[in-house]
Amino acid sequence: MRDLGTILTAIVTPFDTEGEINEESFVALMRHLADNGSDGFVVAATTGEAATLSDEEQLRLIELAIAERPTLPGGQGARTTIVAGTGTNDTRHAVYLTERASELGPDAIISVTPYYNRPSPLGLKRHYEAVAAATDKPILLYNIPSRTGTNIGPGLLAELAQIDGIEGVKQANAAELQLIDGLAVFAGDDSSFARTLDIGGAGGVCVASHIVGNEMRRMVDEPEHRAEIDASLQDVYETLFLTSSPTCTKAALNMLGHDVGGVRLPMVEATPEETEIVRAMLERHGLLTRTPA
């Protein structure tokens, strides 16, 4: 697999006041994140509210990300990577989105375990064989049993790694976080990022990097300080997932001056109580200065 980078931000999808995708804000946010620790972006996946995007919106967002991907700081001209979210619980639909997204030129595809219908191990294998056959891009599996109702255990992950094109996994089952022969392993939870780096994993698909990307970059670049930095960020991780994601992440970004708007139903915006918890977290980390009353 080509090097996708260590910190891949699962970027939110900004919406305008009418609830439509705010393309200008999306591009501005990509540039900000690239300047503050992110190596690339997972676009139109869970944090990007893919479940409430139409196919046309999802593909347009991927197209926009690829066209406007920023360069990384440092003057070497390296560009951020784009991983396109195309997973659904209908194999035919997942194949269609994968084919269409691949034509746009992403660096990789991320495909979530089919949700709700809870396929058997053989069903999972057949599903991913079909998805892999639909693209010439490397595929990241996405294992998140808390959302899908189905877990891909380490043994099955190793089997799926034998399918041509399947080259990595976003592992959001922390209890089974381990290296898998044939797969690049990315943390699927911010709280597992440090441990993934410690065991020799590829990095993380992160949400907190929207807010504390530079600190997470230090966890990569300064392994001797990794545990200390990770401990200092635990409240960030917890606050951003205080309720259904990306509600609190969008609340935090809006407070920090990034115009990402609200969320689409059935998600709802942060309550006043949740908003105050987010505000207090930002203040604790020196990201937001409270205006005196």
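## Basis and helix α3

The expected span of a helix is 1.5 Å times one less than its number of residues. Helices (H or I, at least four residues) and strands (E, at least two) are DSSP runs, numbered from the N terminus. The model is predicted, with local features requiring pLDDT of at least 70 and side-chain atom pairs counted only at pLDDT 80 or more, while totals for chains, interfaces and linings use all residues. Residues are numbered from 1 along each chain as its sequence is written, and side-chain values use heavy atoms, with hydrogens and water left out.

Helix α3 (residues 91-104) comprises 14 residues; from its first C-alpha to its last it reaches 20 Å, close to the 20 Å expected at 1.5 Å a residue. Its buried residues (buried being under 20% relative accessible area, exposed over 50%, partly exposed in between, with a 1.4 Å probe and protein chains only) are A94, V95, L97, T98, A101 and S102. The cover over these residues, judged by contact (heavy atoms within 4.5 Å), includes α2 (55-68), β3 (81-85), β4 (108-112) and α4 (121-133).

## The barrel

Eight strands form a closed barrel in the order β1-β2-β3-β4-β5-β6-β7-β8, with parallel pairing; two strands pair if DSSP finds at least two bridges between them. On average, neighbouring strands of this sheet are turned by 25° against each other, direction ignored. Axes are lines fitted to C-alpha atoms, for helices over the stretch in contact, and angles run from 0 to 180 degrees between N-to-C directions.

## Surroundings of β8

Strand β8 (residues 203-206) runs parallel to β1 (residues 7-10), to which three bridges join it. I7 has G204 as its bridge partner in β8. Two bridges link β8 with β7 (residues 184-187), also in parallel, and the partner of F186 in β8 is G203.

Together with helix α7 (residues 193-198), β7 and β8 make a right-handed β-α-β unit. A crossover is right-handed if, with the strands pointing away from the viewer, the path from the first strand over the helix to the second runs clockwise. Helix α8 (residues 209-221) lies across β1 and β8, at about 165° to β1.

## Cysteines

Zero disulfides are found in a search of the whole structure, a disulfide being a pair of cysteine sulfur atoms within 2.5 Å. C206 is in none, and the nearest cysteine sulfur, that of C248, is 18 Å away.

C206 counts as buried because its relative accessibility is 1%. C248 is buried as well, with a relative accessible area of 0%.
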